[in-house]
Amino acid sequence: DGETIGDKVAVPLTVTPAAASAPSTTTDGPGLVSVTAGEQTTFAVFARDRFNNPVPATVTVTSAPTLAFAIATGTDNKTGIPLPAAFVTYTPETIRVLNQMYVVTVLIDGVVAKTANVLVAPAPAPKLLSATLSPSLASVDLAFDRQTNRANLPAGYTVPCSAVVTSASLSSLGSGPTCVFDPTGTVFRMVFGPGATAMPTGAVSMPTEFTLRENAVAAAGDISYNASGAARLRLDAFTEDPTLVTPVVALAAPSVVGTCDEVVLDAGGVSNAGGRAVNYAFTLAKYVPPKDGETIADQQKVAALVRGLPQNSSSPRLSLGRNTLPSGSSATFRVTATNFLSLSGSATAAVTQGGRPVPLVSVRGGGGVNALRSTELVLEGAAGVPMGEAGFVFDSVSGTCVELASLASQPELKFQWTVMVGGGEGSLALLPELNWAAAINRAYAATAASPVLRIPPNSLIPGKQYVFVLTAHAPLDPSYRASDRVSVVAALEPLT
């Protein structure tokens, strides 16, 4: 059906591409030359006929060892012909083998068009970025720049510290440290054991350097050589906010002591110590003599007291003995606690020397109690005035303290439970989790004024440390009082 133009006839012709030719097909891209393990790569396949015309074709790719290839095609909007015939994307893998080779074969309509030997280089080994002392001063975090082959370990799985850091680094962690990787394998946490000596940059001593062991850490999937390197321990709080790692100390002492009662200063429970030894220095911050004046003997007693206060003690508890201060005087003692970073915190406590016995108070459980959050917490206290071997009285005739044999009767005492909050002592109502104001808790709140304190179930926050204080005093003379404290940590129900 041609069209006549003058003496010629124009006949339309349709030219169709010839079949795809494997020898004429070309490829382009790094994915057929040299690649890196673990990093996605690509190459393009241009299918052509024997006249070098672009033609559609079915592209398949195989390899040895076997890899997974993603093949995508694109079509030219004008001609409708795929140009190129395919984009091929894949991620090579290797098991830390030097000069690992993959043989990649490209087929056009089932015919081999290209065979390439692709060199696969190992991925970059993880780089040790930093060694950071935690704000709690109790552990060190080694941070890597990428995911390691220690990722996705079972929850709570511990790794021998000696398998990751050298023996020289291990010695600074103390006795029996515990080590774990985080789920991503990018952070290795080393928790100090007793006797740790690791020091950060900026401290008085030389900073500790942590060095990786050989054959310890590689990239995720073992697609790199082993990591190596070292990092000096640092503590960001030194420059950001030193108060975060400065010791916080509270000094407990009897506010009033009776004749021949023992004066005990207790600075236990210092925070920001990192579980290491703390140095305690005790001083007399203020002294107020008796209102009716003091004798030379009183002055000598105070001078002897000042001389005997330790300035470099490893114990937070100091007993000053009995009949320490002149009767009617008062003294304010200060304790300064210094941690291993040479940072110091102080606290004071005032003691007044009375002329009569002060109640003896104790809380069952001693220094610490562990409890289940889901059960009612019962703290039992006891108090009474000193009698028998537990009490002493000053004998004006002999000028010495003698044991009090007995009392005619035990006087009634008043009780009050309080809690340590922010380094001071306050009402239990300051703890919002107790919800004392609720009608359902009124019976529990009433026990705060009795020897036995009851805390309702499911009130305490798991893992938080509470310090409860029981104080007892005579009804008609509250100045003669004594107290005892107990530390409580609530835990969730154990898994069964």
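Arg-454 counts as partly exposed at 34% relative accessibility, where partly exposed means between the limits for buried (under 20% relative accessible area) and exposed (over 50%), with a 1.4 Å probe and protein chains only. This is a predicted model, in which local features need pLDDT of at least 70 and side-chain atom pairs count only at pLDDT 80 or more, while totals for chains, interfaces and linings use all residues. Residues are numbered from 1 along each chain as its sequence is written, and side-chain values use heavy atoms, with hydrogens and water left out.

Arg-454 forms a salt bridge with Glu-376, the closest N and O atoms being 3.0 Å apart; a salt bridge here is a side-chain nitrogen of Lys or Arg within 4 Å of a carboxyl oxygen of Asp or Glu. This pair links distant parts of the chain, since Arg-454 is in strand β30 (residues 452-455) and Glu-376 is in the loop between β24 and β25, 78 residues apart. Strands (E, at least two residues) and helices (H or I, at least four) are DSSP runs, numbered from the N terminus. Glu-376 is also partly exposed, with a relative accessible area of 32%.

Another of them joins Glu-380 to Arg-364, with the closest N and O atoms 3.3 Å apart. Here too the pair links distant parts of the chain, with Glu-380 in strand β25 (residues 377-384) and Arg-364 in the loop between β23 (360-363) and β24 (368-372), 16 residues apart. Glu-380 is partly exposed at a relative accessible area of 34%, whereas Arg-364, at 61%, counts as exposed. A further salt bridge is formed by Asp-236 with Arg-234, the closest N and O atoms being 3.3 Å apart; Asp-236 is partly exposed at 29% relative accessible area, and Arg-234 is partly exposed at 38%.

The structure holds one disulfide, formed by Cys-161 and Cys-179, whose sulfur atoms are 1.9 Å apart. The link of Cys-161 and Cys-179 is right-handed, with 105 degrees about the S-S bond. It connects distant parts of the chain, with Cys-161 in the loop between β12 (139-144) and α1 and Cys-179 in strand β13, 18 residues apart. Cys-161 is buried, with a relative accessible area of 5%, and Cys-179 is buried as well, with 1%.

Ser-172 is placed in the loop between α1 (167-170) and β13 (178-181), and Ser-172 is buried, with a relative accessible area of 6%. A polar atom of the side chain of Ser-172 lies 2.8 Å from the backbone oxygen of Ser-169. Leaving aside neighbours within four places in sequence, Ser-172 is in contact (heavy atoms within 4.5 Å) with several residues, including Phe-192, Ala-196 and Phe-210.

The next element to follow is helix α3 (residues 296-308), which has 13 residues and reaches 18 Å from its first C-alpha to its last, close to the 18 Å expected at 1.5 Å a residue, the expected span being 1.5 Å times one less than the number of residues. The buried residues of α3 are Asp-298, Val-302 and Leu-305. Seen down the axis of α3, these buried residues fall within an arc of 55 degrees, so they line one face of the helix; the arc is that of the directions from the helix axis to the C-beta atoms. An α-helix has 3.6 residues a turn, so residues three or four places apart point the same way. On the other side of α3, Ile-296, Gln-300, Arg-307 and Gly-308 are exposed, while the buried residues of α3 pack against β19 (279-288), β20 (317-322) and β21.

Thr-332 lies in strand β21 (residues 330-338). Thr-332 and Tyr-287 are 45 residues apart in sequence and 6.4 Å apart in space, C-alpha to C-alpha.

Finally, some features of the backbone deserve a look. The peptide bond from Ala-64 to Pro-65 is cis, with omega near -5 degrees, and Pro-65 lies in the loop between β6 (59-64) and β7 (70-72). Asn-52, in the loop between β5 (41-49) and β6, has a phi near 70 degrees, a positive value in a residue other than glycine.

How values were computed. Polar contact = N/O pair within 3.5 Å; in protein donor to acceptor, adjacent residues only side chain to side chain. Disulfide = S-S within 2.5 Å.
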